[in-house]
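Trainee: Please take one part of this model and look at it closely. I would also like to see how that part sits within the whole.

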Amino acid sequence: SQLNQTFDLRYGTTVRLPDEQMEISFQKLTESRCPQGVNCIQAGEGIVSLVVKVGKQSENLVLKAKGLCTDKPECGEAKSVLNYTLTLMSLTPYPTQVLEDKQKYMAKMIVTKKPPLGETR
């Protein structure tokens, strides 16, 4: 995987960005998004818990996907970690009444580098 390119990170696996000495591990998943076809009081959210390593540094990062929201950029969350920005673009499968096996879950993500301080885009 590389910077500025979307990639799929499967639950329980690690993706490497060798050019950046970076590893991203999808360690934990909490699924509370309102299932399709169900009337929920709350939309809920899908929570992806990651461990991000850059060189010798390591940080935990939690990104959320909104419930009742699919395939739109604003459905996922973006956060900064270790001079990078990680964006969760989607978390699939979207839940139905039947709970899917966690191993089937895939987080579509993109990593961008934060511009140095003082520089404007």
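Mentor: The radius of gyration is taken over C-alpha atoms, and the globule rule is 2.2 Å times the number of residues to the power 0.38. For the 121 residues here, a compact globule would have a radius of gyration near 14 Å, and the protein agrees with its 15 Å. The model is predicted, so local features need pLDDT of at least 70 and side-chain atom pairs count only at pLDDT 80 or more, while totals for chains, interfaces and linings use all residues. Residues are numbered from 1 along each chain as its sequence is written, and side-chain values use heavy atoms, with hydrogens and water left out.

The part to look at is Val38, in the loop that runs between strand S3 (22–31) and strand S4 (45–54). Strands are DSSP runs of E with at least two residues, helices are runs of H or I with at least four, and both are numbered from the N terminus. The protein has eight strands and zero helices.

Val38 has a relative accessible area of 30%, so this residue is partly exposed; the class lies between buried, under 20%, and exposed, over 50%, with a 1.4 Å probe and protein chains only. Across the protein, 36% of the 121 residues count as buried.

From Ser1, Val38 is 37 residues away in sequence, and their C-alpha atoms are 36 Å apart in space. For scale, the C-alpha atoms of the protein fill a box of roughly 45 × 30 × 20 Å along the principal axes.
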